[in-house]
Amino acid sequence: MSDTVHRTMGQQSGRRSWAEPWKIKMVEPLRMTSHDERVAALAEAGYNTFLLRSDDVYIDLLTDSGTNAMSDRQWAGMMLGDEAYAGSRNYYHLETAIQNYYGYEFVVPTHQGRGAEHLLSQAAIRKGQFVPGNMYFTTTRLHQELAGGTFVDVIVDAAHDPADLSPFKGDVDLEKLERLIAAHGPGEIAYVSLAATVNMAGGQPVSMANVTALHELCRRHGIPLYLDATRLAENAFFIQEREPGYSGKPIAAIVREFCSHTDGAWMSAKKDALVNIGGWLAVRDGTLFEELRNLVVVYEGLHTYGGLAGRDMEAMAIGIAESMQDDHMRSRIGQVRYLAELLEDWGVPMVKPVGGHAIFLDARAFYPQLRQDQFPAQTLAAELYLDTGIRSMERGVVSAGRDPTTGGHNYPKLELTRLTLPRRVYTQAHMDVVAESVKAVYDARASARGLAMVYEPRYLRFFQARFEPIS
Ligand SMILES: *Cc1c(COP(=O)(O)O)cnc(C)c1O
């Protein structure tokens, strides 16, 4: 078919579809289950999707963490692993990739994101200090608390409203931060903990204008600014799309500019960086680096492997470069939006605007008949699994844990169930099945009765808590 004919047909149909900038080379069979099998599996798992066996799951949208499909280049890189205990060449490849793409001088590899959070919290927080941040993240806040710090949420109010359509709901409210600094003095602020995008707010981005102003404010008070760069490439896509002056800039350039406003960053490479395991921490301050490099040998491994195999570091170095490609990111977020549009057409309530890595269903709006301590979002995750074998995750009162002082539940404004899309894994047809299942559960919403928690672990309870249906 000639080019002209092709173009004419396109004009006639009036359609221009997006598609993935890759094709499939290897497939992994999925197991479909019967309704009876799912009823049994869910009861066995204590109505917690984290406790299901993955063999009992059809479409796994629990998380985008470590569930990415690696490219043929990354798999080829795995074969080039240099498994030397010290000075592996793959470490130097990783160091160079982080220096080039993120722009920090000193790099410490870690086994995953929380390893980096642990080291940074131990090195940079003095007991009793405050750590302001743009909404909490589960592991981030816990490591800050274990180091003796107190997390304070300084995100803009819009982030707590699932219907607010502001383009940058991840931004820090600079006045909230100024008030905290004025109340306690800059010496009592360990650092500002900035995440881009903000996972718990629905994958909402931070604007370049906000990080620029935040950096200026921090510098004025002598407070360091550290960045959770776990989904910074996705954040850069939103800046490119929404912020004046950035529409012609490549994702990689936006990432580099964003990082230039911060003093260091950590990353769970299991997200943006398209690997199954890995993380890192990188800073500009040589003295802090000395401390971090000393701590890493206690908790993770030598400073040139940080709990990873050489091959994992190679896959990460290649994945970082792939994650910054504009056509990759367009299709990554295009798939999230495809699913969102189907759900939106059917009036399913969710957090808007839709963020970078997931759809966050608004469980309060699904189940107005349930009190928050009857766990609406956990209930919705259970119902979705029963319907078609789709696995999602609770992001509501269970994830928010308990107040360390009062011991009562933290009651977050957002009570959400997350459908998280792994990168380069599922097809558009899978998205159709997911949307239809959510619709079926939404249509049956009036019959939901909620759950009671019957087992609660001490830390990060959402991972291992068990529930029973309220009869
Ligand atoms: C996943 C995640 C982390 C923790 O990383 P792990 O690799 O799971 O330890 C930290 N911050 C954010 C925003 C995350 O999404």
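Which residues lie nearest the centre of the largest pocket, and how many residues line it? In this predicted model, in which local features need pLDDT of at least 70, side-chain atom pairs count only at pLDDT 80 or more, and totals for chains, interfaces and linings use all residues, the lining comprises 39 residues, with Met26, Ala69, Met70, Arg424 and Val425 nearest the centre. Residues are numbered from 1 along each chain as its sequence is written, and side-chain values use heavy atoms, with hydrogens and water left out.

A pocket is here an open set of points on a 1 Å grid over the protein atoms alone, where a 1.4 Å probe fits, with protein on both sides within 12 Å along at least five of seven lines, and its lining residues have an atom within 4 Å of a point. The largest pocket holds about 1,600 Å³ of space, the volume being that filled by probe spheres set on the points, which are joined across faces, edges and corners. Its lining consists of 16 nonpolar, 11 polar and 12 charged residues, where Ala, Val, Leu, Ile, Met, Phe, Trp, Tyr, Cys and Pro count as nonpolar, Asp, Glu, Lys and Arg as charged, and the others, Gly among them, as polar. Helices H3 (72-78) and H13 (326-345) each contribute at least two lining residues, and the largest share, 3 residues, is that of H3; helices (H or I, at least four residues) and strands (E, at least two) are DSSP runs numbered from the N terminus. Because domain 1 (5-60 + 326-469) and domain 2 (72-323) both give residues to this lining, the largest pocket lies between them, the domain bounds coming from an automatic or database assignment.

The second largest pocket, with a volume of about 900 Å³, is lined by 34 residues, of which Arg141, Glu145, Ala400, Arg402 and Asn410 lie nearest its centre. Two or more lining residues come from each of helix H6 (138-146), strand E4 (150-153) and helix H16 (397-400), and H6 supplies the largest share, 5 residues. At least three residues of this lining are drawn from each of domain 1 and domain 2.
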